[in-house]
Amino acid sequence: MSKLIVYYAHPGHKHSHANKSMVAEARKVDGITFVDLYAEYPRFEIDIDLEQQRLLDHDVILLQFPMFWYSTPALIKEWQDLVLEHGFAYGAGGDKLAGKCLMLAVTAAGQKDAYAEQGYQKHPIRTFLTPLEQTAKLCHMDFSAPYVLYGSLRAPKQGLIASHAAGYRRLLEAIRDDRYDLPAAIHGEVVSCDDLPIREET
Amino acid sequence: MGEILLLAFLFLIAGVIAVPIASRLGLGSVLGYLIAGIAISPLLTQLHVDVVSIQHFAEFGVVMMLFLVGLELEPRLLWSMRNKLLGLGGLQVIVTGAIVMGIAMALGYGWSIAMAVGMVFALSSTAIVLQTLNEKGLMKSDGGQSSFSVLLFQDIAVIPMLAFVPLLAIPELAELIDHSQGDGHGSGMSLVEGLGTWQHVAVTIAAIAAVVVGGSYLTRPVFRFIAMAKLRELFTAFALMMVVGIALLMTLVGLSPALGTFLAGVVLANSEYRHELESDIGPFKGLLLGLFFITVGAAINFDLLTANLGQIVAMTLGLILIKFLVLLALSYVFKISKGDRWLFSLGLAQAGEFGFVLLAFTVANAVIPAALAAELLLVVTLSMLLTPLLFILYDKLIAPAYAGAQAGDADEIDEDGSIIIAGVGRFGGVINRVLLSAGYKTIVLDHNSEHLERLRAFDIKVFFGDATRPDLLHAAGIENARMLIIAIDDAERATELVRYVVKHHPHIYIVARAVDRHHVYELWAAGCRDIIREHFDSSVRAARSALEALGHHPFDAERQTRAYVANDKVAMRDLADVYDPDVPVHENAAYIERAKIVLASHEDAMLDGTKSFSSRVERGWVPPTLDDEAALIADDALDTKSESSP
């Protein structure tokens with residue numbers, strides 16, 4: 001059993017489709033910790049001690065958020081700035097997160113083909129996520145391939161939300177039960193609900 | 001004097017003993033009162049008490065009940081009920097009356113007697129049905145609203161019936177009757193006697209207009225006048241005076257007092273004094289109705305009943321069956337929903353208290369022979385006595401069958417739960433505006449007439465009343481509320497209010513305003529878990545302003561005050577352990593000792609910036625050191641080496 005904590009951040013939760021469905025599924029998973037960051041810190045007053053303890057208590061840290069301007073919503077950045085202190089997460093004596101795993105579950109409005117050299121975003125989505133990838137690296141954490149939903153604005157009409165949310169639930173359960181193939185995922189680009197590297201229960 | 005006390009004591013003790021037992025057994029209060037009446041009836045006979053005249057007095061409870069029903073019913077709602085009121089109510093009276101009349105004629109009675117019996121039996125019991133529906137919280141349901149429509153129509157229909165009865169008089173009977181005998185309903189006084197038709201109509205319209213206009217425009221100034229005396233009982237006196245006055249006016253012009261007070265209630269349903277009136281009249285209504293039910297039980301003529309047991313029971317059951325079938329048929333015509341259809345049909349299947357009135361009137365007017373009337377009276381009484389059993393039948397057998405279908409809606413009702421704000425001065429006013437702007441409906445209570453005046457100028461809806469009074473909270477609907485916000489000035493009363501609501505309505509979320517930190521502890525001890533100190537936030541903001549003006553960087557000022565707030569929270573919790581609500585703070589040595597330590601550590605920390613306080617202020621955004629950079633370079637070198645080695 002891996003201890004999994006999901007940090008969810010969406011300042012416009014009530015307008016969301018994809019993330020709202022994903023949250024609904026995530027809340028049904030027993031034995032994991034789910035934190036709605038904007039609910040817990042609506043005034044951005046992050047409790048550093050509490051958050052560092054949470055990180056110490058879990059093995060896999062998963063950040064779930066919609067892409068805002070090629071980055072995270074502001075509160076995740078604030079959380080990083082305050083919680084990932086030197087001497088705790090990195091720098092001299094900063095090895096408390098070593099060996100843990102960081103994973104992302106992101107939704108992006110752009111279609112899949114937009115995130116390519118020929119697309120209008122000009123770069124694959126992983127390029128925009130390199131700051132988080134390097135954050136993991138600096139903290140001696142593994143960085144697992146992100147669970148991505150492209151075209152999140154059109155997904156509701158195309159009926160893609162339910163399968164993505166169901167895949168999210170399977171992902172969380174598999175991580176919890178150590179059935180998620182982390183080494184395989186670490187070397188992948190991104191994962192989606194169709195190609196989750198999950199081992200069947202033996 | 002002694003006799004009155006004895007009587008009052010008898011009635012009260014009978015009710016106090018019988019009703020809790022009946023409620024405990026799930027029979028409802030109405031049956032409890034009826035049984036109490038039956039139990040004391042031998043005693044009353046011994047004492048030669050005129051039960052029927054007490055009953056006429058107690059019928060005033062019905063008038064009060066209709067006033068209260070009117071208060072709950074806004075004019076808009078009444079208008080939307082007009083189809084049910086006229087259609088459902090009208091058809092019920094006509095069809096039931098016609099069928100009963102037909103049967104009576106088939107049994108060989110003359111058409112005039114048959115018609116009078118039809119009218120008597122077409123009516124149902126407003127007192128029993130509304131009381132029971134209210135008790136079970138079914139008034140707002142489809143069945144409850146339909147039942148109310150029919151009852152209201154019947155109460156109005158009594159008036160033309162009373163006018164019609166004398167026309168049915170049988171000459172031979174009339175000769176036997178002593179005309180000096182009154183009918184016992186105060187019709188001795190009249191403003192309209194001897195007037196022509198058009199004059200009669202004009203007086204009637206004027207009376208109704210007086211009720212509507214007076215209710216709309218006079219109540220407010222009178223209430224303001226009374227509020228100056230600051231005496232609770234004056235409000236009660238005024239409320240009673242109003243109801244009695246309207247009833248009197250209606251009686252004088254030959255209209256139904258119930259109709260008049262109902263109308264006044266509707267007029268006042270939108271007024272800010274609604275809850276005050278409700279809580280003032282409520283206890284009187286309850287007592288009078290209780291008295292009424294007791295007299296119904298006590299008035300049963302057991303000699304006559306045992307002599308004709310089979311016949312009277314058969315008539316009663318037949319009557320209930322006929323009324324039930326008519327109502328059931330109408331419920332299909334008017335598309336009442338399935339479960340509610342049974343509530344409606346079973347609930348209204350009895351004859352009612354207006355039946356007593358009509359019977360007495362028909363006897364007095366030589367329409368029905370006294371012997372037959374005595375038997376019919378028993379039928380009416382028995383059918384009323386059986387009504388609680390029909391409600392039990394509905395509760396135990398029918399409602400559960402439909403409960404599944406309605407269970408899904410339960411959440412929605414929760415969502416509708418109201419928010420009550422107690423006190424709407426500077427503190428509560430802001431809360432109210434924010435909640436309204438977020439689309440919530442609030443019920444605001446305040447007993448300061450000036451606040452009310454000011455808010456009405458801005459079209460903000462506020463009810464007059466002291467929110468710390470349980471009866472007023474009840475009138476404001478605390479049972480169905482989901483949240484209570486206590487924003488009153490008086491610290492002790494706020495604490496009392498928390499204690500009361502936590503004890504009696506534990507499901508309600510309470511947000512309370514505290515005057516200072518001691519009050520916070522009091523409120524916490526009373527059970528409130530969301531406590532806001534009234535001046536804390538603004539003081540902190542003023543401090544932040546001062547820091548900014550002293551040249552601190554605004555974000556540093558922000559962090560400094562945030563840290564103060566966080567520290568204060570810790571200190572509050574620290575001191576809560578030694579706080580003792582029974583000992584004044586200045587006599588609590590342990591509290592003073594600890595407070596000194598906490599305060600001292602606060603000040604030290606702020607000055608030299610070493611202790612825990614400073615770490616909370618300076619914790620974030622501290623840049624890494626050169627050591628950290630060196631560690632990162634070393635790490636990277638290690639990684640590169642391990643990657644290059646095979």
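In which crossing, left-handed or right-handed, does α12(B) pass α13(B)? The tour reaches that pair of helices at its second stop. Bear in mind throughout that this is a predicted model.

**Start: chain B as a whole**

Select chain B and colour it by secondary structure. Its secondary structure comes to 30 helices and six strands. Chain B has 646 residues, and 38% of them count as buried. Among its contacts with a separation of 6 or more, 72% are between residues 24 or more positions apart.

Now colour chain B by pLDDT. The mean is 82, and 90% of the residues reach 70 or more. Over residues 178-187 of chain B, pLDDT stays under 50, and the model has eleven contacts beyond four places in sequence for them. Where pLDDT is low, the predicted coordinates should not be read in detail.

**Second stop: α12 and α13 of chain B**

Select residues 232-252 of chain B for helix α12 and residues 257-268 for helix α13. Two packed helices are described by the angle between their axes and the distance between the axes. Here the angle is about 135° and the axes are 8 Å apart. α12(B) and α13(B) are therefore oblique to each other. As for the opening question, α12(B) passes α13(B) in a right-handed crossing.

Show the side chains at the contact. From α12(B) come Val243(B), Ile246(B), Ala247(B), Leu249(B), Met250(B) and Thr251(B). They meet Pro257(B), Leu259(B), Gly260(B), Thr261(B) and Ala264(B) in α13(B). By class, the residues of this contact are eight nonpolar, three polar and no charged.

Next select helix α7, residues 111-122 of chain B, together with helix α18, residues 353-364 of chain B. Their axes come within 8 Å and cross at roughly 160°. An angle over 145 degrees counts as roughly antiparallel, and α7(B) and α18(B) are therefore roughly antiparallel to each other. The crossing in which α7(B) passes α18(B) is right-handed.

On the α7(B) side, the contact is made by Ala116(B), Met119(B), Val120(B) and Phe121(B). On the α18(B) side, look for Gly355(B), Leu358(B), Leu359(B) and Thr362(B). Six of the residues in the contact of α7(B) with α18(B) are nonpolar, two are polar and none is charged.

Select Ile300(B), in the loop between α14 (274-298) and α15 (302-307) of chain B. Is Ile300(B) partly exposed or buried? A residue is buried if 20 or more other C-beta atoms lie within 10 Å of its own. Ile300(B) has 19 within that distance, so Ile300(B) is partly exposed.

Which residues does Ile300(B) touch, not counting those up to four places away in sequence? They are Ile38(B), Ser41(B), Leu305(B), Leu378(B) and Thr381(B). Try the distance tool on Leu378(B): C-alpha to C-alpha, Ile300(B) and Leu378(B) are 6.6 Å apart in space, although 78 residues apart in sequence.

**Last stop: where chain B touches chain A**

Finally, show both chains. The contact takes nine residues from chain B and nine residues from chain A. On the side of chain B, the largest share, four residues, comes from helix α30, residues 626-644 of chain B. By class, this side of chain B has four nonpolar, one polar and four charged residues. For the complex, the predictor gives an ipTM of 0.83 and a pTM of 0.66.

Note on methods. Residues are numbered from 1 along each chain as its sequence is written. Chains are lettered from A and ligands numbered from 1 in the order in which they are written. This is a predicted model: local features need pLDDT of at least 70, side-chain atom pairs count only at pLDDT 80 or more; totals for chains, interfaces and linings use all residues. Axes are lines fitted to C-alpha atoms, for helices over the stretch in contact, and angles run from 0 to 180 degrees between N-to-C directions. Helices (H or I, at least four residues) and strands (E, at least two) are DSSP runs, numbered from the N terminus. Angles under 35 degrees count as roughly parallel, over 145 as roughly antiparallel, 65 to 115 as roughly perpendicular and the rest as oblique. A crossing is left-handed if the near helix is turned anticlockwise from the far one by less than a right angle, and right-handed if clockwise. Two residues are in contact if their C-beta atoms, placed from the backbone, lie within 7 Å. Ala, Val, Leu, Ile, Met, Phe, Trp, Tyr, Cys and Pro count as nonpolar, Asp, Glu, Lys and Arg as charged, and the others, Gly among them, as polar. pLDDT is the predictor's confidence in each residue, from 0 to 100. A residue is buried if 20 or more other C-beta atoms lie within 10 Å of its own, exposed if 12 or fewer, and partly exposed in between; C-beta atoms are placed from the backbone.
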